[in-house]
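Visitor: Hi, could you walk me through this one? I'd like to hear about its charged pairs.
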Amino acid sequence: MQATTLFKSDSISVFHYRCTAGPHDRPFVEMHRAHSISYVRRGTFGCRTRGAEHELVAGAVLVGRPGQEYTATHEHHGCGDECLSIMLAPGAAESLGGDALWDLACLPPLPELMVRGELAQAATDGRSTIGIDEAAMLLAASAARFVSSNRSKTLKASARDRCRAVEAALWLEAHSSEPLDLERMARQAGLSPFHFLRLFARVLGVTPHQYLLRSRLRHAARLLADDTRPITDVALDVGFADLSNFVRTFGRAAGTSPRGFRRAAKGERKILQERLAARA
């Protein structure tokens, strides 16, 4: 495991973690050192904790509570993973409100979290003038808001089903800019559409179409923060055939238009302040 410190203060620290473990490596036990939110940027890994097993793919979030142990596995794919990890001091964690978030082990790929995760990554890469701590707290606050109104359920799945779902998610990630429907996704996985839909949702917590859409939004956020090409081109590049649909979908996820998100990534903090105030 390679760890790089990106930002550190009394209340918040941000790290980049890169793991190259694969199916032939033994699972290893880790312990959360602080309240943490870890956004999965690339790859996949498994997490076994408190008697449950979870599979995390790009866009998912690993949640940590101080002293909590978990076993990390890479049994289903050999690509390893990369995470942007936010660690919070007790006071900062308490400011997010309640224990609901810290009672969870992970969150599935969610539109708002994926967009916030890519903004945080842009800040750490120097592709945005937004402060790393600002973007990191925005991501953590988004996770807390989601949990306050939605409690994730842990569903049992066999090792074979988890492997199939992870492989399907990796394939969707690689082909997200293409026109895809449930039948083609299921055919790629070697399953009937109904079986594929049920298996994918049970393992990863979202439907295949939801994951496809959120993958497109994540790629769009990355391009908007790092690129000057027209927004129409960004929409087409990531797989949206209709600009109005892209603007509407992105706006629901980010709380601002693609143009507003690009301006925020370039340093217009007023947009972020208004967003935070609206959610308070």
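Guide: Happy to! Arginine 218 and glutamate 173 form a salt bridge, with their closest N and O atoms 2.1 Å apart. A salt bridge here is a side-chain nitrogen of Lys or Arg within 4 Å of a carboxyl oxygen of Asp or Glu. This is a predicted model, where local features need pLDDT of at least 70, side-chain atom pairs count only at pLDDT 80 or more, and totals for chains, interfaces and linings use all residues. Residues are numbered from 1 along each chain as its sequence is written, and side-chain values use heavy atoms, leaving out hydrogens and water.

Visitor: Which helices do arginine 218 and glutamate 173 lie in?
Guide: Arginine 218 is in helix H7 and glutamate 173 in helix H4 (residues 159-174), so the pair ties together parts 45 residues apart in sequence. Helices are DSSP runs (H or I, at least four residues), numbered from the N terminus.

Visitor: Are arginine 218 and glutamate 173 buried or exposed?
Guide: Both arginine 218 and glutamate 173 are buried. Buried means under 20% relative accessible area, exposed over 50%, and partly exposed in between (1.4 Å probe, protein chains only).

Visitor: And what does glutamate 118 meet in a salt bridge?
Guide: Its partner is arginine 222, at 3.0 Å from N to O. Glutamate 118 sits in helix H2 (residues 111-124) and arginine 222 in helix H7 (residues 208-226), 104 residues apart.

Visitor: New topic: how many salt bridges are there?
Guide: The count comes to 16. Another one joins arginine 229 and aspartate 237 (2.3 Å, N to O). Arginine 229 is partly exposed, at 29% relative accessible area.

Methods
Helix = DSSP H or I, 4+ residues; strand = E, 2+ residues; numbered from the N terminus.
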